[in-house]
Amino acid sequence: MLTPFWESAPGALLALLTGIDPTKLCMVDLYTITLAGGQVLRYTGGDVPIMLGASSGGPVTLTGDRPDIRRGRWRLTALGGNGSNDGGSGGGSGAGSVGAGGTWLVGPIIQRGRIKVAIGISVDGLQLRISATPDVTVNGMSFIAFIAQGGFRGARVTVERLFCDAAGMPVGTIVRFTGAWAEATGGRHEKSVTIESDTAKLNTMIPGEVYQTGCKNSLFDARCGLTKSVYTRVGAATTASTNRTAFTGNVSMGTDWYARGVLTMTSGANAGVSRTVRSNSPLGLVVTAPFPFDVAVGDTFTLIPGCDKTQATCLNKFSNGPLRFRGEPYIPAPSTIT
(Lines give C-alpha, C1' and ligand atoms only; values in the text may rest on other atoms or scores of the structure.)
Protein backbone atom coordinates (compact mmCIF):
# COMPACT_ATOMS: atom_id res chain seq x y z
CA MET A 1 0.00 0.00 0.00
CA LEU A 2 1.19 3.53 -0.75
CA THR A 3 2.12 5.70 2.21
CA PRO A 4 -0.79 7.97 3.19
CA PHE A 5 -0.22 11.66 2.43
CA TRP A 6 -2.86 12.82 4.92
CA GLU A 7 -4.72 10.86 7.60
CA SER A 8 -7.32 11.78 10.18
CA ALA A 9 -5.19 9.76 12.64
CA PRO A 10 -2.06 7.62 12.28
CA GLY A 11 -2.95 4.25 10.79
CA ALA A 12 -6.57 5.20 10.08
CA LEU A 13 -6.43 4.72 6.33
CA LEU A 14 -4.91 1.24 6.49
CA ALA A 15 -7.52 0.21 9.03
CA LEU A 16 -10.29 1.51 6.78
CA LEU A 17 -9.09 -0.21 3.61
CA THR A 18 -8.58 -3.57 5.30
CA GLY A 19 -11.85 -3.59 7.22
CA ILE A 20 -14.57 -1.97 5.11
CA ASP A 21 -16.80 -3.33 2.37
CA PRO A 22 -15.32 -1.79 -0.84
CA THR A 23 -18.81 -1.00 -2.13
CA LYS A 24 -19.31 1.37 0.80
CA LEU A 25 -16.14 3.37 0.17
CA CYS A 26 -16.52 6.98 -0.91
CA MET A 27 -13.55 8.19 -2.97
CA VAL A 28 -12.80 11.44 -4.76
CA ASP A 29 -9.78 12.96 -6.48
CA LEU A 30 -8.16 16.11 -5.10
CA TYR A 31 -6.04 18.33 -7.35
CA THR A 32 -3.37 20.64 -5.95
CA ILE A 33 -1.71 23.04 -8.40
CA THR A 34 1.30 25.04 -7.24
CA LEU A 35 2.08 27.93 -9.56
CA ALA A 36 5.66 28.87 -10.38
CA GLY A 37 5.41 31.86 -8.04
CA GLY A 38 4.35 29.68 -5.10
CA GLN A 39 0.59 30.30 -5.11
CA VAL A 40 -1.36 27.11 -4.32
CA LEU A 41 -4.71 26.27 -5.94
CA ARG A 42 -6.77 23.34 -4.67
CA TYR A 43 -9.76 21.85 -6.50
CA THR A 44 -11.95 18.86 -5.74
CA GLY A 45 -13.27 16.26 -8.13
CA GLY A 46 -16.53 16.43 -6.18
CA ASP A 47 -19.25 19.05 -6.42
CA VAL A 48 -18.79 20.62 -2.97
CA PRO A 49 -15.69 21.91 -1.14
CA ILE A 50 -13.66 19.26 0.68
CA MET A 51 -12.03 20.23 3.99
CA LEU A 52 -9.38 18.08 5.64
CA GLY A 53 -7.52 18.23 8.92
CA ALA A 54 -8.26 20.81 11.56
CA SER A 55 -10.66 22.65 9.23
CA SER A 56 -12.81 19.59 8.45
CA GLY A 57 -16.41 20.68 8.68
CA GLY A 58 -18.30 17.38 8.62
CA PRO A 59 -18.96 14.17 6.74
CA VAL A 60 -18.72 13.71 2.99
CA THR A 61 -21.42 11.39 1.69
CA LEU A 62 -21.99 9.84 -1.72
CA THR A 63 -25.50 10.10 -3.14
CA GLY A 64 -26.98 8.61 -6.27
CA ASP A 65 -25.28 6.04 -8.48
CA ARG A 66 -21.57 5.28 -8.16
CA PRO A 67 -19.87 7.02 -11.15
CA ASP A 68 -16.43 6.57 -12.69
CA ILE A 69 -14.46 9.42 -11.15
CA ARG A 70 -12.23 9.67 -14.22
CA ARG A 71 -15.23 10.63 -16.36
CA GLY A 72 -17.23 12.84 -14.06
CA ARG A 73 -17.70 14.18 -10.59
CA TRP A 74 -18.97 12.41 -7.57
CA ARG A 75 -22.20 13.87 -6.31
CA LEU A 76 -21.19 14.77 -2.78
CA THR A 77 -22.64 16.57 0.19
CA ALA A 78 -20.50 18.09 2.92
CA LEU A 79 -20.96 20.34 5.91
CA GLY A 80 -19.34 23.77 5.84
CA GLY A 81 -16.71 24.93 3.41
CA ASN A 82 -15.61 27.89 1.36
CA GLY A 83 -17.76 28.10 -1.75
CA SER A 84 -15.60 30.64 -3.58
CA ASN A 85 -14.79 29.80 -7.19
CA ASP A 86 -11.73 32.03 -7.41
CA GLY A 87 -8.63 29.89 -6.93
CA GLY A 88 -6.56 33.00 -6.32
CA SER A 89 -8.27 33.78 -3.03
CA GLY A 90 -9.74 30.50 -1.83
CA GLY A 91 -7.07 27.94 -2.55
CA GLY A 92 -6.56 26.89 1.03
CA SER A 93 -3.25 26.20 2.72
CA GLY A 94 -1.45 23.61 4.76
CA ALA A 95 0.54 20.53 3.81
CA GLY A 96 -1.08 17.14 3.60
CA SER A 97 -0.13 15.37 6.80
CA VAL A 98 -1.71 14.30 10.08
CA GLY A 99 -3.23 17.38 11.69
CA ALA A 100 -2.80 19.66 8.66
CA GLY A 101 -5.77 21.58 7.25
CA GLY A 102 -6.71 22.40 3.71
CA THR A 103 -9.74 23.19 1.56
CA TRP A 104 -10.24 21.86 -1.98
CA LEU A 105 -12.76 24.08 -3.75
CA VAL A 106 -15.33 23.44 -6.40
CA GLY A 107 -13.82 24.92 -9.55
CA PRO A 108 -13.10 23.59 -13.01
CA ILE A 109 -14.37 20.18 -14.05
CA ILE A 110 -11.22 18.05 -14.29
CA GLN A 111 -11.42 14.66 -15.98
CA ARG A 112 -8.20 12.68 -15.87
CA GLY A 113 -6.83 9.76 -17.83
CA ARG A 114 -5.55 6.51 -16.41
CA ILE A 115 -2.66 6.48 -13.96
CA LYS A 116 -0.18 3.67 -14.55
CA VAL A 117 1.58 2.09 -11.58
CA ALA A 118 4.61 -0.07 -12.41
CA ILE A 119 7.64 -1.54 -10.66
CA GLY A 120 10.91 0.13 -11.63
CA ILE A 121 11.57 3.41 -13.41
CA SER A 122 9.32 4.40 -16.28
CA VAL A 123 8.54 7.73 -17.89
CA ASP A 124 4.83 8.43 -17.79
CA GLY A 125 2.43 11.32 -18.04
CA LEU A 126 -1.12 12.17 -17.05
CA GLN A 127 -3.74 13.62 -19.36
CA LEU A 128 -6.28 16.07 -17.93
CA ARG A 129 -9.33 17.43 -19.72
CA ILE A 130 -10.36 20.68 -18.08
CA SER A 131 -13.51 22.70 -18.66
CA ALA A 132 -14.83 25.62 -16.67
CA THR A 133 -17.54 28.24 -16.73
CA PRO A 134 -16.48 31.92 -16.86
CA ASP A 135 -17.19 32.40 -13.15
CA VAL A 136 -14.36 29.98 -12.26
CA THR A 137 -11.37 32.29 -12.03
CA VAL A 138 -7.73 32.47 -11.00
CA ASN A 139 -6.61 35.89 -9.77
CA GLY A 140 -9.67 37.45 -11.37
CA MET A 141 -9.13 35.80 -14.79
CA SER A 142 -11.27 32.97 -16.15
CA PHE A 143 -9.62 29.59 -15.62
CA ILE A 144 -9.46 28.65 -19.31
CA ALA A 145 -8.09 32.07 -20.28
CA PHE A 146 -5.48 31.77 -17.52
CA ILE A 147 -4.32 28.51 -19.10
CA ALA A 148 -4.24 30.09 -22.56
CA GLN A 149 -2.19 33.05 -21.30
CA GLY A 150 0.48 30.75 -19.85
CA GLY A 151 -0.44 31.33 -16.23
CA PHE A 152 0.26 27.68 -15.37
CA ARG A 153 3.68 27.62 -17.04
CA GLY A 154 6.11 26.00 -14.60
CA ALA A 155 3.32 24.82 -12.27
CA ARG A 156 3.38 21.53 -10.39
CA VAL A 157 0.34 19.29 -10.09
CA THR A 158 -0.42 16.71 -7.39
CA VAL A 159 -3.35 14.31 -7.66
CA GLU A 160 -4.53 12.71 -4.42
CA ARG A 161 -7.25 10.12 -3.83
CA LEU A 162 -9.41 10.83 -0.77
CA PHE A 163 -11.03 7.89 1.03
CA CYS A 164 -14.03 8.28 3.32
CA ASP A 165 -15.63 5.75 5.64
CA ALA A 166 -19.21 4.45 5.45
CA ALA A 167 -20.41 7.46 7.45
CA GLY A 168 -18.82 9.82 4.93
CA MET A 169 -16.01 11.08 7.18
CA PRO A 170 -12.65 11.74 5.45
CA VAL A 171 -10.09 9.20 6.65
CA GLY A 172 -7.00 9.64 4.49
CA THR A 173 -5.47 10.41 1.14
CA ILE A 174 -2.75 8.88 -0.98
CA VAL A 175 -0.81 10.60 -3.75
CA ARG A 176 -1.64 9.06 -7.12
CA PHE A 177 0.50 11.30 -9.33
CA THR A 178 2.83 14.28 -9.19
CA GLY A 179 4.41 16.10 -12.08
CA ALA A 180 4.98 19.31 -13.96
CA TRP A 181 2.52 21.18 -16.17
CA ALA A 182 3.87 20.51 -19.68
CA GLU A 183 1.50 21.71 -22.40
CA ALA A 184 -2.11 22.60 -23.02
CA THR A 185 -4.18 22.49 -26.18
CA GLY A 186 -7.83 23.14 -26.95
CA GLY A 187 -10.37 25.87 -27.48
CA ARG A 188 -12.00 28.61 -25.46
CA HIS A 189 -14.14 26.33 -23.31
CA GLU A 190 -12.02 23.21 -22.76
CA LYS A 191 -8.31 22.41 -22.57
CA SER A 192 -6.41 19.14 -22.79
CA VAL A 193 -3.41 19.30 -20.50
CA THR A 194 -0.37 17.03 -20.28
CA ILE A 195 1.27 16.60 -16.89
CA GLU A 196 4.77 15.13 -17.15
CA SER A 197 6.11 12.82 -14.50
CA ASP A 198 9.35 13.86 -12.83
CA THR A 199 10.98 10.80 -14.37
CA ALA A 200 10.71 12.55 -17.75
CA LYS A 201 13.86 14.41 -16.75
CA LEU A 202 15.73 11.13 -17.12
CA ASN A 203 15.22 11.40 -20.88
CA THR A 204 17.86 14.12 -20.99
CA MET A 205 21.02 12.56 -22.39
CA ILE A 206 23.99 14.35 -20.83
CA PRO A 207 27.34 13.16 -19.44
CA GLY A 208 28.06 13.39 -15.75
CA GLU A 209 30.47 16.30 -16.20
CA VAL A 210 30.58 18.72 -19.10
CA TYR A 211 33.64 20.80 -19.88
CA GLN A 212 32.56 24.25 -21.02
CA THR A 213 33.47 27.89 -20.66
CA GLY A 214 30.31 28.78 -18.71
CA CYS A 215 29.68 27.83 -15.09
CA LYS A 216 27.82 24.55 -14.57
CA ASN A 217 26.18 25.71 -11.35
CA SER A 218 22.65 27.03 -11.16
CA LEU A 219 22.47 30.37 -9.41
CA PHE A 220 21.75 29.89 -5.67
CA ASP A 221 22.10 26.09 -5.74
CA ALA A 222 24.23 24.23 -3.19
CA ARG A 223 27.42 24.35 -5.29
CA CYS A 224 26.94 28.02 -6.10
CA GLY A 225 26.65 28.74 -2.38
CA LEU A 226 24.85 32.08 -2.65
CA THR A 227 21.67 32.70 -0.63
CA LYS A 228 18.68 33.74 -2.73
CA SER A 229 17.00 35.77 0.04
CA VAL A 230 20.07 38.01 0.34
CA TYR A 231 19.74 39.05 -3.30
CA THR A 232 15.93 39.24 -3.49
CA ARG A 233 14.53 42.77 -3.78
CA VAL A 234 10.94 43.84 -3.15
CA GLY A 235 9.33 46.68 -5.06
CA ALA A 236 6.15 48.12 -6.56
CA ALA A 237 5.24 49.38 -10.01
CA THR A 238 5.24 53.17 -10.35
CA THR A 239 3.82 53.20 -13.91
CA ALA A 240 1.43 50.94 -15.76
CA SER A 241 2.98 48.43 -18.14
CA THR A 242 3.50 48.94 -21.86
CA ASN A 243 2.47 45.91 -23.94
CA ARG A 244 2.41 43.99 -20.62
CA THR A 245 6.20 43.66 -20.82
CA ALA A 246 7.72 46.96 -19.64
CA PHE A 247 7.11 49.18 -16.62
CA THR A 248 9.02 51.17 -14.02
CA GLY A 249 9.33 50.37 -10.34
CA ASN A 250 10.66 51.90 -7.16
CA VAL A 251 13.73 49.64 -7.00
CA SER A 252 16.96 51.38 -7.92
CA MET A 253 19.39 49.11 -9.75
CA GLY A 254 22.34 49.11 -12.09
CA THR A 255 21.68 48.77 -15.81
CA ASP A 256 20.96 45.11 -16.70
CA TRP A 257 21.92 43.98 -13.22
CA TYR A 258 18.72 41.89 -13.14
CA ALA A 259 18.95 40.71 -16.76
CA ARG A 260 18.29 36.94 -16.98
CA GLY A 261 16.78 37.14 -13.52
CA VAL A 262 13.22 36.45 -12.39
CA LEU A 263 10.47 38.97 -11.70
CA THR A 264 7.49 37.60 -9.75
CA MET A 265 4.33 39.64 -9.23
CA THR A 266 3.03 39.36 -5.66
CA SER A 267 -0.18 41.41 -5.94
CA GLY A 268 -2.60 42.62 -8.55
CA ALA A 269 -4.09 40.72 -11.47
CA ASN A 270 -0.78 38.94 -12.19
CA ALA A 271 -0.12 37.75 -8.63
CA GLY A 272 1.88 34.52 -8.63
CA VAL A 273 3.05 34.89 -12.24
CA SER A 274 6.80 35.00 -12.95
CA ARG A 275 8.69 36.20 -15.99
CA THR A 276 12.36 36.29 -17.02
CA VAL A 277 13.86 39.79 -17.05
CA ARG A 278 15.10 40.73 -20.50
CA SER A 279 16.78 43.99 -19.45
CA ASN A 280 16.57 46.75 -16.91
CA SER A 281 17.50 50.41 -16.56
CA PRO A 282 18.00 52.09 -13.15
CA LEU A 283 14.21 52.07 -12.57
CA GLY A 284 12.76 50.31 -15.62
CA LEU A 285 12.10 46.63 -16.20
CA VAL A 286 11.46 44.69 -19.42
CA VAL A 287 10.44 41.02 -19.35
CA THR A 288 10.80 38.47 -22.12
CA ALA A 289 7.14 37.38 -22.36
CA PRO A 290 3.99 39.43 -21.71
CA PHE A 291 2.09 39.08 -18.46
CA PRO A 292 -1.48 37.77 -18.69
CA PHE A 293 -2.76 41.20 -17.54
CA ASP A 294 -1.45 44.74 -17.58
CA VAL A 295 0.71 45.63 -14.60
CA ALA A 296 -1.00 48.42 -12.66
CA VAL A 297 0.52 51.16 -10.55
CA GLY A 298 1.07 49.83 -7.03
CA ASP A 299 1.32 46.17 -8.01
CA THR A 300 4.11 44.65 -5.91
CA PHE A 301 6.81 42.30 -7.09
CA THR A 302 10.03 40.54 -6.14
CA LEU A 303 13.22 40.63 -8.16
CA ILE A 304 15.97 38.03 -8.28
CA PRO A 305 19.12 38.74 -10.32
CA GLY A 306 20.33 36.53 -13.12
CA CYS A 307 23.72 35.12 -14.00
CA ASP A 308 25.30 34.78 -17.45
CA LYS A 309 27.60 31.96 -16.18
CA THR A 310 30.83 33.84 -16.96
CA GLN A 311 33.83 33.99 -14.66
CA ALA A 312 33.74 37.79 -14.72
CA THR A 313 30.16 37.84 -13.42
CA CYS A 314 30.95 35.34 -10.70
CA LEU A 315 33.93 37.39 -9.53
CA ASN A 316 32.70 40.94 -10.03
CA LYS A 317 28.90 40.84 -9.71
CA PHE A 318 28.51 38.25 -6.99
CA SER A 319 32.03 38.14 -5.47
CA ASN A 320 31.67 34.37 -5.48
CA GLY A 321 34.86 33.16 -7.16
CA PRO A 322 37.18 31.68 -7.97
CA LEU A 323 36.58 28.44 -6.05
CA ARG A 324 32.82 28.42 -6.58
CA PHE A 325 33.08 28.98 -10.33
CA ARG A 326 32.65 25.67 -12.18
CA GLY A 327 33.47 26.61 -15.74
CA GLU A 328 36.59 26.17 -17.86
CA PRO A 329 36.94 29.61 -19.52
CA TYR A 330 40.44 28.92 -20.84
CA ILE A 331 39.51 25.96 -23.04
CA PRO A 332 40.57 26.86 -26.59
CA ALA A 333 37.71 27.88 -28.86
CA PRO A 334 36.65 25.32 -31.51
CA SER A 335 38.52 25.77 -34.76
CA THR A 336 38.47 24.22 -38.20
CA ILE A 337 41.60 22.84 -39.85
CA THR A 338 41.62 23.08 -43.62
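The largest cavity in this predicted model has a volume of about 100 Å³. A cavity here is a set of points, on a 1 Å grid over the protein atoms alone, where a 1.4 Å probe fits but cannot get out. Grid points are joined across faces, edges and corners, and the volume is the space filled by probe spheres set on the points. The structure holds 4 cavities of 30 Å³ or more. Lining residues have an atom within 4 Å of a point, and the largest cavity has 14 of them, with Cys215, Leu219, Cys224, Cys307 and Cys314 nearest its centre. By class, this lining consists of 8 nonpolar, 4 polar and 2 charged residues. Ala, Val, Leu, Ile, Met, Phe, Trp, Tyr, Cys and Pro count as nonpolar, Asp, Glu, Lys and Arg as charged, and the others, Gly among them, as polar.

A word on conventions: residues are numbered from 1 along each chain as its sequence is written. Local features need pLDDT of at least 70 and side-chain atom pairs count only at pLDDT 80 or more, while totals for chains, interfaces and linings use all residues, and side-chain values use heavy atoms, with hydrogens and water left out.

Now for the chain as a whole. It has 5 helices and 20 strands, taken as DSSP runs numbered from the N terminus (helices H or I, at least four residues; strands E, at least two). Of its 338 residues, 41% are buried; buried means under 20% relative accessible area, exposed over 50%, and partly exposed in between (1.4 Å probe, protein chains only). Among contacts (heavy atoms within 4.5 Å) with a separation of 6 or more, 64% join residues 24 or more positions apart.

In soluble globular proteins, nonpolar side chains tend to be buried together. A nonpolar core is a set of buried Ala, Val, Leu, Ile, Met, Phe, Trp, Tyr and Cys residues joined through side-chain atoms within 4.5 Å. In the largest one, which has 40 residues, Ile130, Phe152, Trp181, Phe247 and Leu263 touch the most other members. Helix α3 (residues 143–148) gives this core its largest share, 4 residues. Leaving aside residues up to four places away in sequence, Phe152 touches several residues, including Ile33, Leu41, Phe146 and Trp181.

Beyond four places in sequence, the contacts of Arg244 include Gln149, Val287, Phe291 and Asp294.

| Pair | Separation along the chain | C-alpha distance |
|---|---|---|
| Arg244 and Ala289 | 45 residues | 8.3 Å |
| Pro170 and Met27 | 143 residues | 9.2 Å |

Pro170 belongs to strand β13 (residues 170–186) and is buried, at 8% relative accessibility.

Finally, some backbone angles. Most residues other than glycine have a negative phi. Phe220, in the loop between β14 (190–197) and α4 (228–231), has a positive phi near 80 degrees; Phe220 is buried, with a relative accessible area of 15%. Ser319 has a positive phi of about 50 degrees and lies in the segment after α5 (311–317). At 61% relative accessible area, Ser319 is exposed.

Definitions and conventions. On a 1 Å grid over the protein atoms alone, a cavity is a set of points where a 1.4 Å probe fits but cannot get out, and a pocket is an open set with protein on both sides within 12 Å along at least five of seven lines; lining residues have an atom within 4 Å of a point.
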